[in-house]
Amino acid sequence: MTTDVPRTADFVIIGGGVHGASLAFHLARKKAGRVLLIEKKFIASGPTGRSTALVRRFYAMDFFTRTASAAAEMFRHWKDVVGGDGDPGFQQVGMLALAGPDNAPNLRHNAMQAQKVGARVQLISPAEVKALVPAANVDDVALASYEAESGYADPSSTANALANRARDLGATLVQYRHVDAIRTAGQKVVGVRSEGIDIDAPVVVNCAGLWADRLLRPLGVEVSIKPERHQMCFFRRPSGFGVHPAVADSVQMTYMRPEHGDLTIHGKLVYDEIVDPDSYNEGADPDQIVKNAELIAHRFPVMEHGLAMGGYSGLYDATPDHHPVLGAIAPYEGLFADFGWSGHGFKHSPLMGDIISDVILHGRAKDYDITPFRWTRFRENDLVPSARWAADPHPKHRV
Ligand SMILES: Cc1cc2nc3c(=O)[nH]c(=O)nc-3n(C[C@H](O)[C@H](O)[C@H](O)COP(=O)(O)OP(=O)(O)OC[C@H]3O[C@@H](n4cnc5c(N)ncnc54)[C@H](O)[C@@H]3O)c2cc1C
């Protein structure tokens with residue numbers, strides 16, 4: 001990949017995570033003009049590279065059900081829709097979401113609503129879960145959903161496949177280069193400043209994840225990004241316990257999926273530790289490994305014989321409502337955003353570059369209304385409600 005830095009571009013994308021890479025690909029695919037992506041380290045070196053990368057299809061909100069379902073189809077048919085030599089490493093192991101008696105009505109409602117907007121998900125009983133995965137303990141499960149065509153991907157391979165395809169189609173990728181500032185003249189974007197040089201561009205897109213707020217603050221745009229530390233643990237499955245579906249477990253508030261070989265990666269859904277994204281403990285805490293071992297052994301009792309294999313931490317770029325900031329950054333002409341995915345952005349990523357590039361090029365995306373995700377919602381106190389698969393249904397945001 002090139003390290004020469006052009007001094008002008010039609011579009012500058014800040015950040016080479018999976019969202020910046022997707023946007024570069026779609027802009028290049030649409031022959032929109034000169035696309036320049038600048039990444040301060042290497043492609044997928046941020047949270048993307050540490051993602052669990054579940055690819056699943058439904059939420060308590062139509063917008064995300066539709067984007068997740070469409071993106072899941074892109075993962076399944078990558079060669080046809082993205083092309084090139086890249087491979088996102090999609091593994092169609094299936095996806096189970098488990099609910100206890102408290103959450104079962106919400107799961108039922110949300111899955112049925114998701115079916116109405118086209119998500120390929122079915123509701124199944126605890127006995128059917130047991131038939132699917134005989135090793136599962138379903139004593140505390142009241143209802144489950146199953147997505148046979150979902151699974152997980154390799155996050156780094158996905159971002160690199162998109163970035164490399166963007167480069168093949170004419171985009172310029174610059175790695176190990178920091179963008180220090182977004183330059184404006186009045187209320188118009190004129191480019192960026194990067195390590196002592198000015199790069200002129202009429203359109204700048206902030207895909208800087210955890211660091212996106214720092215670039216906006218000097219422009220008077222205040223968006224709170226809290227770096228939440230999430231710990232993921234690896235366990236070796238005992239012989240006889242093979243590949244299992246990915247599991248999102250709202251009874252235990254955990255999730256897991258198979259990893260390479262006979263490993264399973266397992267984590268809790270909620271953590272509240274806020275850290276410095278430039279200096280934090282990237283490992284897993286010993287007490288969390290023990291806690292995760294107990295939780296996985298509750299769901300799969302055979303894992304009492306499994307081996308704890310350590311773990312790592314990754315960061316969520318958490319906004320106040322745990323939803324992203326998308327689209328134009330008012331009042332600046334030429335400034336756009338796709339950041340703040342708060343731990344659920346991987347699965348939507350191949351599609352999101354298509355949506356954001358349409359918004360940049362045509363003022364709107366044909367099939368998707370992204371106005372609920374405008375940055376000014378935080379100022380207006382118009383937050384987007386939780387969209388988790390077992391969250392309370394909320395008609396207001398059925399966009
Ligand atoms: C442990 C963990 C598990 C997850 N599991 C899932 C999951 O199962 N399913 C799912 O859908 N999502 C999941 N996610 C969330 C998902 O991975 C993220 O939402 C997604 O990867 C975010 O991609 P991004 O491109 O927006 O941001 P990032 O990956 O943060 O990329 C931003 C990039 O911008 C660069 N950058 C920042 N500032 C500058 C600057 N000034 N100049 C140049 N470059 C800059 C950074 O170096 C970084 O590479 C998980 C995340 C974590 C941490």
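Helices are DSSP runs of H or I with at least four residues, strands are runs of E with at least two, and both are numbered from the N terminus. With that in hand, let's start at Thr 158, which lies in helix 6 (residues 155-168). The model is predicted, so local features need pLDDT of at least 70 and side-chain atom pairs pLDDT 80 or more, while totals for chains, interfaces and linings use all residues. Residues are numbered from 1 along each chain as its sequence is written, and side-chain values use heavy atoms, without hydrogens or water.

Thr 158 has a relative accessible area of 0% and is therefore buried (under 20%; exposed is over 50% and partly exposed in between, with a 1.4 Å probe and protein chains only). Leaving aside residues up to four places away in sequence, Thr 158 touches Val 18, Phe 75, Trp 78, Pro 88, Ala 153 and Phe 346, where contact means heavy atoms within 4.5 Å. From Thr 158 to Asp 87 the C-alpha distance is 6.7 Å, across 71 residues of sequence.

Now for the aromatic rings. Rings of Phe, Tyr and Trp (its six-membered ring) pair if their centres lie within 6.5 Å; planes under 30 degrees apart are stacked, over 60 edge-to-face and the rest tilted. The count by this rule is 12 aromatic pairs. One of them joins Phe 64 and Phe 373, with centres 5.3 Å apart and planes at 55°, so this pair is tilted. Because Phe 64 lies in helix 2 (residues 62-76) and Phe 373 in the loop between helix 9 (349-362) and helix 10 (377-380), the pair ties together parts 309 residues apart in sequence. Phe 64 is buried at 0% relative accessibility, and Phe 373 is buried at 0% too.
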